[in-house]
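Here is my note on the model you sent.

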Amino acid sequence: DFLLKHIVTITPNPAKDKIAVTVTGNEKPLKIYVMDANGKQVKSIDMQGQYLQLNLPNIVPGVYYVKITGEGVNHTQKLVIQ
């Protein structure tokens with residue numbers, strides 16, 4: 001159903017060393033990319049289902065972007081790391 005909109009939440013934001021990604025109603029494999037402010041990829045991970053906890057060890061504080069892509073999902077959200 002292409003009318004179905006997935007609601008994507010990334011918490012907490014600002015974050016310290018881990019985030020939780022929720023994509024409501026998702027049953028398809030997704031890719032999550034964490035990119036710095038310059039667009040350089042610092043982490044990528046596969047997501048299956050509606051919820052994923054993502055550890056971000058040794059990440060430098062600053063502004064990042066979390067991009068989530070897959071069937072029916074193309075979402076980019078700003079993430080602040082403290």
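Which residue in β5 does Lys18 stand opposite? It is Asn55. The points below place that pair in context.

1. **Basis.** This is a predicted model, in which local features need pLDDT of at least 70, side-chain atom pairs count only at pLDDT 80 or more, and totals for chains, interfaces and linings use all residues. Residues are numbered from 1 along each chain as its sequence is written, and side-chain values use heavy atoms, with hydrogens and water left out.

2. **Overall make-up.** The chain has 0 helices and 7 strands. Both element types are DSSP runs, numbered from the N terminus: helices are H or I with at least four residues, strands are E with at least two. The pattern along the sequence is β-β-β-β-β-β-β.

3. **Dimensions.** The C-alpha trace spans about 40 × 20 × 15 Å along its principal axes. The radius of gyration is 12 Å, which agrees with the value near 12 Å for a compact globule of 82 residues. That radius is taken over C-alpha atoms, and the globule rule is 2.2 Å times the number of residues to the power 0.38. Of the 82 residues, 32% count as buried. Buried means under 20% relative accessible area, exposed over 50%, and partly exposed in between (1.4 Å probe, protein chains only).

4. Two strands pair if DSSP finds at least two bridges between them.

5. β1 and β2 pair over 4 bridges, in the antiparallel sense. Ile10 stands opposite Val21 in β2. β2 and β5 also run antiparallel and are joined by 5 bridges. The opening pair, Lys18 and Asn55, belongs here.

6. **Faces of β5.** In a regular strand the side chains alternate between the two faces of the sheet. In β5, Leu52 and Leu54 make up the covered face. Tyr51, Gln53 and Asn55 make up the uncovered one.

7. **Four-stranded sheet.** The order is β4-β3-β6-β7, again open and antiparallel. β4 (41-47) and β7 stand at its edges with a single partner strand each, so one side of each is left without a neighbour. The twist averages 20° from one strand to the next. β3 and β6 pair over 7 bridges. Within that pairing, Tyr33 has Lys67 as its bridge partner in β6.

8. **Core.** The largest nonpolar core has 20 residues. Such a core is a set of buried Ala, Val, Leu, Ile, Met, Phe, Trp, Tyr and Cys residues joined through side-chain atoms within 4.5 Å. Ile19, Val21, Val23, Ile32, Leu56, Ile68 and Leu79 have the most contacts inside it. β1 (8-11), β2 (18-23), β3 (30-36), β5 (51-55), β6 (62-70) and β7 (73-81) each supply at least two core residues.

9. **Ile32 and Ile45.** Contact means heavy atoms within 4.5 Å. Beyond four places in sequence, the contacts of Ile32 include Val21, Ile45, Met47, Leu52, Leu54, Val66 and Ile68. Ile45 sits in strand β4. At 24% relative accessibility, Ile45 counts as partly exposed.

10. **Salt bridges.** The whole structure holds 2 of them. The criterion is a side-chain nitrogen of Lys or Arg within 4 Å of a carboxyl oxygen of Asp or Glu. Lys28 and Glu71 meet at 3.8 Å, N to O. Lys28 lies in the loop between β2 and β3 and Glu71 in the loop between β6 and β7, so the pair ties together parts 43 residues apart in sequence. Asp46 and Lys31 meet at 3.1 Å, N to O. Asp46 is in strand β4 and Lys31 in strand β3, so this pair links parts 15 residues apart in sequence. Asp46 is exposed at 55%, and Lys31 is partly exposed at 29%.

Notes. Axes are lines fitted to C-alpha atoms, for helices over the stretch in contact, and angles run from 0 to 180 degrees between N-to-C directions.
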